[in-house]
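Please read it with the sequence and the coordinates open.

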Amino acid sequence: MKMFTAALVAASMLVPVTAATAYAATPADALVVAANIDDIVSIDPAEAYEFSSGEYVTQTYDRLVQYDAPDTSKLAAGLASEWSVDDAAKTITFTLRDGVKFSSGNPVRAEDVLYSWKRVVVLNKSPAFILTQLGWTSETFDGMVKADGNKIVAKYEGDFSSAFVLNVLASRPASVVDAVTVQANEANGDMGNAWLKANSAGTGPFVLKAFRPGEILNLAANPDYFGGAPAMKAVIIRHVAEAATQQLLLESGDVDMAKNLTPDQIAGITTKGEFKVETYPQAAVHFLSFNQKNEALTNPAVWEAARYLVNYKGMTDSFLKGQMEVHQAFWPKGFPGSYDETPYTYDVEKAKKILADGGVKTPIKVTLDVINSTPFTDMAQSLQAGFAEAGINFEIIPGTGSQVITKYRARTHEAMLLYWGPDFMDPDSNAKAFAYNADNSDGNYQSTTTWRNGWAVPDDMNKETLAARAEPDTAKRNDMYVDLQKKVQANSPIVIMFQAAAQVAMGKNVTGYVNGAISDFNFYRLVKK
């Protein structure tokens, strides 16, 4: 186990390995993290589309505007010092921050921004759709996005508000790369894609020193970061798949932080005086939904009663403790536009009365599809027990994730237990999934919870969703999303129950770590020990 420490310290290339460092604790100026990072497919910001790669991109790159530490709820200046919007002309003009350099020493230019964004569009990897929805294609980009000295003038198409577009440009694929360095490392017309899978070329608070897939991410501090040099000279993220091993490494002093412990391990580790556990709300929301292609599930009384048959507290106080919290609206808590009221509690008698008053004849037999792993099977069993009290009898059908999702997409389920996370942090990303479905026909496939559950959303909600997307006034826009969430919460076949939470165990000497609602909002640059 102590050899593990020595290997990590050696990998940092920053401190000598001695008996004291190998057999005591991690170095004072390095943060060593145990985490499962085998989901990484690519660390090129134009291709990175996994949780762990999102966290990496945040450490090594910046965007013109971004959600930053310590307050990840507010859009802040990044590589742009200021920006102006013209909603009528569908144009945003950014002014670059003075004096910022890439880790190579090259200055940040407007041309780097244009190259970075166009590179995403041309490569057309998994996250490209986030930028191309603005009307940017290989053919249109040069005419829509231009450099003017230290300014970038970006035009967009579609009924989008500038607030929406700014959130798009704060997302991962909008990260700015060093065009000069990347172009120098192109191979066979790949625009540097292969090179960026093993190297960084950004302005971020850290620089990639080494990446070995399924083994280690080794980051060195960027002392010239425009937001201030990180206190830690190195962040070493070691791939440790087994939660038990993560716990052992933390308790033996070989790592400072463990990210994937189970609730039982969390409960055990909190009894040890030298450790602490921090809980962070995540963006994923978990829901129960009823397919409206099943006539027995179309009565709104079934939808309303269902909200009182979920044993929210029973689950979050037991097997979901620390992993989820009660949240009953489609946009996650902690972001502008969220609606955080939780009016529903487990109340069987009230549910029975709602069903009776609504003319619903019980018992009703309903199949419930669920991913065959924890905590989903435990959640399904809790729902089965609670709903049975009111005469709604779930037959649980477990399956692999792909089996469950394939059935869901085909609209052949009856009830479904699943979760949803936004593609980028704008309320429209979830509003279009939970509050919009203008064409419910079988041939009009949509990647939304509404279409997949066969719910023809009322026309006024469809219109409000589109209007919110286009609303230029941020405060008014957020109010519109709150209103939409109230409507979905009160009257829809989708019962939103929980918001996920992440629990991170760390030494009590670790401070300043920021873990946002999505992995892109995890920050190490403020960490101190």
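A pocket here is an open set of grid points with protein on both sides within 12 Å along at least five of seven lines, and a volume is the space filled by probe spheres set on the points. The model is predicted. The second largest pocket has a volume of about 270 Å³.

**Second largest pocket**

- The lining of the second largest pocket consists of 19 residues, and those nearest its centre are Y67, L75, A163, N167 and T474.
- Two helices, α7 (162-169) and α20 (474-490), each supply at least two residues of this lining.
- The biggest contribution to the lining is that of α7, with four residues.
- Sorted by class, the lining holds eleven nonpolar, five polar and three charged residues.

**Nonpolar cores**

- The largest nonpolar core has 144 residues, and W117 and W136 touch the most other members.
- Helix α4 (residues 110-123) provides the largest share of this core, eight residues.
- Beyond its neighbours within four places in sequence, W136 contacts W117, V121, L131, F141, M144, V145, A154, K155, Y156 and L169.

**Helix α3**

- Nine of the ten residues of helix α3 (residues 51-60) are buried, so the helix is largely enclosed by the rest of the structure.
- The buried residues of α3 are S52, S53, G54, E55, Y56, V57, T58, Q59 and T60.
- Among the elements that cover these buried residues are the strands β8 (206-212), β9 (216-221), β10 (234-239) and β19 (522-523).

- Q133 sits in the loop between α5 (129-132) and α6 (141-144).
- Is Q133 buried or partly exposed? Q133 is partly exposed, because its relative accessible area is 23% and buried means under 20%.
- Not counting residues up to four places away in sequence, Q133 touches E157, F160, F164, V168 and F424.
- The C-alpha atoms of Q133 and F94 are separated by 20 Å, and the two residues are 39 apart along the chain.

**Backbone geometry**

- Most residues other than glycine have a negative phi, and most peptide bonds are trans.
- A cis peptide bond joins A69 and P70, with omega at about 5°; P70 belongs to the loop between β2 (65-67) and β3 (75-77).
- T362 and P363 are also joined by a cis peptide bond, with omega at about 10°; P363 belongs to the loop between α14 (348-357) and β14 (364-371).
- K90 is not a glycine, yet its phi is positive, at about 50°. This residue lies in the loop between β4 (80-86) and β5 (91-96).
- With a relative accessible area of 26%, K90 is partly exposed.
- M191, which is not a glycine either, has a positive phi of about 55°. Its place is the loop between α8 (179-184) and α9 (193-196).
- M191 counts as buried because its relative accessibility is 16%, and the cut-off for buried is under 20%.

Note on methods
Residues numbered from 1 in each chain as written. Predicted model: local features only at pLDDT ≥ 70, side-chain atom pairs only at ≥ 80, totals over all residues. Heavy atoms only, no water. Buried < 20%, exposed > 50% of the residue type's maximum accessible area, 1.4 Å probe, protein only. Contact = heavy atoms within 4.5 Å. Core = buried A, V, L, I, M, F, W, Y, C linked by side-chain atoms within 4.5 Å. 1 Å grid on protein atoms, 1.4 Å probe; cavity = no way out; pocket = protein on both sides within 12 Å on 5 of 7 lines; lining within 4 Å. Nonpolar A, V, L, I, M, F, W, Y, C, P; charged D, E, K, R; others polar.
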